[in-house]
Amino acid sequence: MSEKTEKTEPRLSVFKTYKLYVGGKFPRSESGRVYEVTDSKNNWLANAPQSSRKDARDAVVAARKAFGGWSGATAYNRGQVLYRVAEMLEGRKDQFVREVAEAEGLSKAKAAAVVDAAIDRWVWYAGWTDKIAQVVGGANPVAGPYFNLSSPEPTGVVAVLAPQDSSFLGLVSVIAPVIATGNTAVVIASEKSPLPALSLGEVLATSDVPGGVVNILSGRTAEIAAPLAAHQDVNAIDLAGADAELAKDLEIAAADNLKRVLRPQPVDFAATPGIDRMTAFLETKTVWHPTGALGAAGSSY
């Protein structure tokens, strides 16, 4: 008797459905729109959500809601959370190597180096969370019976335009310093290469980052950035991913409520970063204390 050979049917691929990351959840764009994302050879990769102005407003609401808890957390705790992001990325490294290679047209080896650098960047900023105050704050010399202390505080909700040509390392390099110092972020992913950013949302959701601390939108950069720049509850904006014309328009819109604006500038994201992107979104609070006796009360500080 001859044994029957079972034939196996070819398995259908399960395509990934990319979604936004807002308030710790994964909504589709309220507009229902998507746009095609292609690789460096113009081959289709996925459909990404095309965010609307309503999505941008929802992201700002989520970021504002999360700000109090995140800015009030200890610097040490924020460092632990950022380090956890690096841990989770390490475990999903193969996925990000593939996505970065497709997005930026890199070889697997070069994409792996980019992902390694992005993971290391999270660790680098995690180490700064409880040190930046010592560098930019301190006691100030004054003339008189007082001592004067200056300490940094986060600006608030920061809109971040991710770099267009560095879909992952550049992305991490503009998000990590914003949240390391206690701000919350609304991030517009690279318009042409949003997939690594949308996948990062999945990592953040499982990395102890409270919902709303980072919100990630994809779509037409100019369309989403315009309402964010003019939004009265956005305190600052990083124009890293804007071209010169868009940057000018957004800076004018941001002036309506005196936002802090970090202008676009040439950056080598592979180089060791300084602290400029952290200090760009910090405010300095100065407190004066009298020393010695205080009049009849006789109190001292």
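Visitor: Where does Asp 208 lie?

Guide: Asp 208 sits in the loop between α7 and β7 (214-217). Keep in mind as we go that this is a predicted model.

Visitor: What makes Asp 208 count as buried or exposed?

Guide: Its relative accessible area is 55%, and the cut-off for exposed is over 50%. Asp 208 is therefore exposed. Its backbone deserves a look too: phi of Asp 208 is near 70°, a positive value in a residue other than glycine.

Visitor: Which value does phi of Asn 42 take, and where is Asn 42 found?

Guide: Phi of Asn 42 is near 70°, again positive in a residue other than glycine. Asn 42 belongs to the loop between β1 and β2 (44-49). With 60% relative accessibility set against the cut-off of over 50%, Asn 42 counts as exposed.

Visitor: Why is Gly 23 called partly exposed?

Guide: Gly 23 has 32% relative accessibility. Buried would need under 20% and exposed over 50%, so Gly 23 falls in between and counts as partly exposed. You will find Gly 23 in the segment before β1 (34-38).

Visitor: What is Gly 23 in contact with, leaving aside its neighbours within four places in sequence?

Guide: Its partners are Ala 62, Gly 211, Gly 212 and Asn 215. As for Leu 198, 175 residues apart from Gly 23 along the chain, the C-alpha atoms of the two are separated by 14 Å.

Visitor: How do you know whether Leu 239 is buried or exposed?

Guide: Relative accessibility is 0% for Leu 239, and buried means under 20%, so Leu 239 counts as buried. Leu 239 lies in the loop between β8 and α9. Not counting residues up to four places away in sequence, Leu 239 touches Leu 161, Ala 247, Leu 250, Val 261, Leu 262 and Pro 264.

Visitor: Two of those partners take us to α9. Which residues of α9 (residues 244-254) are buried?

Guide: Leu 246, Ala 247, Leu 250, Ala 253 and Ala 254 are the buried ones. Seen down the axis of α9, these buried residues fall within an arc of 125°, so they line one face of the helix. On the other side of α9, Ala 244, Glu 245, Lys 248 and Ile 252 are exposed.

Visitor: What do the buried residues of α9 pack against?

Guide: They pack against β5 (157-161), α8 (221-230), β8 (236-238) and β9 (260-262).

Visitor: Now for helix pairs. What describes two packed helices?

Guide: Two packed helices are described by the angle between their axes and the distance between the axes.

Visitor: What makes α3 and α4 oblique to each other?

Guide: Helix α3 (residues 93-104) and α4 pack at an angle of about 120°, with their axes 8 Å apart. By the cut-offs of 115 and 145 degrees, α3 and α4 are therefore oblique to each other. Their crossing is right-handed. The contact includes Phe 96 and Val 100 of α3 and Ala 111 and Val 115 of α4.

Visitor: How many residues has the largest nonpolar core?

Guide: It has 61 residues, and those with the most contacts inside it include Leu 89, Trp 122, Phe 168 and Val 187. Helix α4 (residues 108-128) gives the most to this core, with 10 residues. A second, separate core of 26 residues includes Ala 59, Val 157, Ile 237 and Leu 250.

Visitor: And what does the secondary structure of the chain come to?

Guide: The chain has 10 helices and 10 strands. Of its 301 residues, 46% count as buried.

How values were computed:
Residues numbered from 1 in each chain as written. Predicted model: local features only at pLDDT ≥ 70, side-chain atom pairs only at ≥ 80, totals over all residues. Heavy atoms only, no water. Buried < 20%, exposed > 50% of the residue type's maximum accessible area, 1.4 Å probe, protein only. Helix = DSSP H or I, 4+ residues; strand = E, 2+ residues; numbered from the N terminus. Arc of directions from axis to C-beta. Contact = heavy atoms within 4.5 Å. Core = buried A, V, L, I, M, F, W, Y, C linked by side-chain atoms within 4.5 Å. Axes fitted to C-alpha atoms, helices over the stretch in contact; angles between N-to-C directions. Parallel < 35°, antiparallel > 145°, perpendicular 65-115°, else oblique. Left-handed = near helix turned anticlockwise from the far one by under 90°.
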